[in-house]
Amino acid sequence: MNYNWNWKVFWDMAADGTGTWGMTLFYGVLWSLATAFCAGVIAFLLGSMLGVMRTTPNKWAVMIGNAYVELFRNIPLLVQLFLWFFVLPELLPKALGTAIKQMPPPWASFVPAVIGLGLFTAARVSEQVKAGIQSLPRGQFMAGTALGLTLPQSYRFVVLPMAFRVILPPLTSETMNLIKNTSVALTIGLLELTAAARSLQEFTFQVFEAFTAATLIYIAVNLGVVTLMRWLEKSVSVPGFIGHVPAGGAH
Amino acid sequence: MNLSSKIVLASVAVTFAAGVCAQELTGTLKKIKESGSITIGHRDSSIPFSYYDDKQQVIGYAMDICMKVVDAVRTELKAPGIKVVLNPVTSATRIPLMANGTIDLECGSTTNSIDRQKQVAFTNTHFVTANRFVSKKADNFKTLADLKGKTVVSTAGTTNIKWLTEENAAKGLGMNILTGKDHAEAFLMVETGRASAFFMDDILLASLVAGSKAPSDYVVGAEAYSIEPYGIMMRRDDPAFKKVVDNATATLYKSGAIAPIYAKWFQGKIPPKDINLALAPSPQLARVFANPTDSGDPAVYK
Amino acid sequence: MVDFDFDVIQRSFVYLFREGMTFTLTLTAMAAAGGIILGTLLAMMRLSSYKWLSLPATAYVNLIRSIPLLLVIFWFYFLVPYIGAWIIGSPTPIKVGAFASSVITFTLFEAAYYSEIMRAGIQSISRGQVSAGYAIGLNYWQTMGTIVLPQAFRNMVPILLTQTIILFQDTSLVYVLSLTDFLGAASKVAQRDGRLVEMYIFAALVYFVISFGLSQLVKRLQHKIAIIR
């Protein structure tokens, strides 16, 4: 095979002179995680709200929730990012649009990426939350009413605590999807991990080394997320329900 | 590239050469003969070298030269039925796709440089251009210093972005460098106001400006930052194929048959918008046609 | 208000659909077919009692599911010719076009996801079915082929179709290779004519209509199957 292996390339100076290629990849991971985290916060809050809306008796809330989910699930993520990055500044009043376009590079890509990813993932989270709420026996709502709680209070004190625990496993895979989807932001200029590997490949032509490093890092990040979520599941599990692991060990 | 890799590549080359006897084909020529087709990598918006017209046909100055090369290959292999397969490439993918065998010839606006000759080979230069920047006339940017702290853009995988990144670090200009996937996307950054300047070879800039919605809004800077000789790219360590291509291009240039081809693309109306670049061959280019060279050293072209 | 020229959509309509959409649909169809077949094989390997089958299959599926599709696209675009050369023992990397590279990429990528779906499907068939198959003298392949897989497949059709709709949307990522799928075609027109807003909104609309339409069909199919069961 006519390929010139050079694993030492990670210790070579990067083209922009700010550090080694290894550091470029490291900053790439940080940007990936930062984007995933910020988008995740938006997705979780908005998604939970939408999930709740879709299970209320209010027909309008359900319709709005469903419309949102259909809209954001049927347009590819890449197209959504393009809409936020390219189209939105053109539709706003000229001064505001220009101000957005003049934002310095990391933020010019970071903000649309976070918004786009956040809203996209919120649709998926709302599906999970809706499924979680609907998996609980309807008696829970009735019990809440019987205790004199209003509907919001029933959600807050009775339904949602259990629903969130139920959906922790699917939320784990949503988190992993979110981290993987941050790579799509490379098309709007965000220098996250895949983009960093690509720029390493473009400048040094070390294709395999660059992508192997990126692959290993993604696998490591995923293992980290899975471990974190498993710890979270264990620490919030409720005695007497499926999935609970007693502190003292197994029986 | 370090010494041990040079030794490996040299041994590969020697092995290839050792396998060649008078009748036997090796490397790319063998591949072309066996598959009955030659794959040409082309660009989608490197006007007027290699681009799509509005009927989505690939046309251009470099494409015409490459067709002459293909004719020479057909003659050499005594196989007039060799088909041409077109494969779009970008600045970032052209070298890896050449190395991994997807394309046999890259006909576009690729700068021949000593650095790149470690990965690929080039035939005789077909154009000489210089690295400049384009910006909006209203911004009045004249020199590199004017762009301190501003956002600038260039295309991924080009010698221009490499130069820009290194210059930015060396001179401490603090410019924010955006990367466009291809020339059209990078020019769009300037058009929409996301970037203040687009650094690229002046001929490509002139074509992009001429074809844009409002050509009079833009100005190509007067300062030239580096000399960029364009060459048609092929795989390295393939002397038999290189000989055929070099002969074809040298004959084309020396005999003057290149003159009508040049005039068609640089001094006549070209699709898709019928613009005329009205660019006479520069003295450097005339010298290159008289004495074809495949050197990657900019000093040779001064 | 900026001038919007929605005529650009009409002018480029033929190009968008004849070049772009056919690429997208062909890629989706081929990757879905290949992916489901390969995915079913992978699922069977994972459920096999032979460690030398189940371990590689599990490793493959977990690996592919941990890395982004974009990274897989880049890997295969540059890697496939080298692998091909290694397999057939050629001294130079073999030529693989961009379209072939995408089909291979998406087939191998989606196979991991389809295999999880088929695995759930196969596991949902009661063991009694398999035992009955062996009892009437069928071997493993006949049991799988005539009893288990047809039922598993039918149970999983809605989920398989949903995954295919996701695949349809994911094909837009070949944008990074500058290939002319539907989004790529829209981008090219947008960049050439400077009509970003019009083209990207139109592209979003087309993807929405197709995906939404298909997912409504899947919902109806789910209702039909539910009633039959």
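Predicted model: local features only at pLDDT ≥ 70, side-chain atom pairs only at ≥ 80, totals over all residues.
## Contact between chain A and chain C

Chain A and chain C each contribute 33 residues to their contact. Together the two chains bury about 3200 Å², and 77% of this area lies on carbon and sulfur atoms. On the side of chain A, the residues that lose the most area to chain C are A:Asn74, A:Lys180 and A:Phe208, which together account for 17% of what that side buries.

One salt bridge is found across the interface of chain A and chain C. Its partners are A:Glu70 and C:Lys219, whose closest N and O atoms are 3.6 Å apart. Four elements of chain A give two or more residues to the side that touches chain C: α2 (59–73), α3 (77–91), α9 (193–204) and α10 (207–236). Of the elements on this side, α10(A) gives the most, with nine residues. Sorted by class, the side of chain A that touches chain C has 20 nonpolar, eight polar and five charged residues.

## Contact between chain C and chain B

The contact of chain C with chain B takes 22 residues from chain C and 28 residues from chain B. About 2100 Å² is buried between chain C and chain B, with 57% of it on carbon and sulfur atoms.

Between chain C and chain B the count is one salt bridge. It is formed by the side chains of B:Asp44 and C:Lys188, with an N to O distance of 3.9 Å. One residue pair in polar contact, both residues at pLDDT 80 or more, is also counted between chain C and chain B. On the side of chain C that touches chain B, the elements giving two or more residues are α3 (69–88) and α7 (182–193) of chain C. By class, this side of chain C has 12 nonpolar, five polar and five charged residues.

## The fold of chain C

Chain C contains eight helices and zero strands. Its pattern along the sequence is accordingly written α-α-α-α-α-α-α-α. The C-alpha trace of chain C spans about 75 × 55 × 25 Å along its principal axes.

## Strands in chain B

Chain B has an open sheet of three strands in the order β2-β3-β4, with antiparallel pairing. Strands β2 (45–46) and β4 (58–59) of chain B stand at the edges with a single partner strand each, so one side of each is left without a neighbour in the sheet. Strand β3 (residues 50–52) of chain B pairs with β4(B) over two bridges in the antiparallel sense. In this pairing, B:Tyr51 stands opposite B:Ile59 in β4(B).

Parallel pairing is found between strands β9 (residues 151–155) and β10 (residues 176–180) of chain B, which are joined by five bridges. Here B:Thr155 stands opposite B:Gly180 in β10(B). From β9(B) the chain passes through helix α5 (residues 159–171) of chain B to reach β10(B), and this β-α-β crossover is right-handed.

## Salt bridges in the whole structure

Over all chains, the search finds 23 salt bridges. One of them joins A:Glu127 and A:Arg54, with the closest N and O atoms 2.7 Å apart. A:Glu127 lies in helix α5 (residues 105–135) of chain A and A:Arg54 in helix α1 (residues 21–55) of chain A, so this pair ties together parts that are 73 residues apart in sequence.

## Backbone features of chain B

Most residues other than glycine have a negative phi, and most peptide bonds are trans. The peptide bond joining B:Ile47 and B:Pro48 is cis, with omega about -5°. B:Pro48 is placed in the loop between β2 and β3 of chain B.

B:Lys78 is not a glycine, yet it has a positive phi of about 50°. B:Lys78 is located in the loop between α3 (61–77) and β5 (83–88) of chain B.

Notes: Residues numbered from 1 in each chain as written. Chains lettered and ligands numbered in written order. Heavy atoms only, no water. Contact = heavy atoms within 4.5 Å. Buried area = accessible area lost by both parts, 1.4 Å probe. Salt bridge = Lys/Arg side-chain N within 4 Å of Asp/Glu carboxyl O. Nonpolar A, V, L, I, M, F, W, Y, C, P; charged D, E, K, R; others polar. Pairing = 2+ DSSP bridges. Right-handed = clockwise from strand over helix to strand, strands pointing away. Polar contact = N/O pair within 3.5 Å; in protein donor to acceptor, adjacent residues only side chain to side chain.
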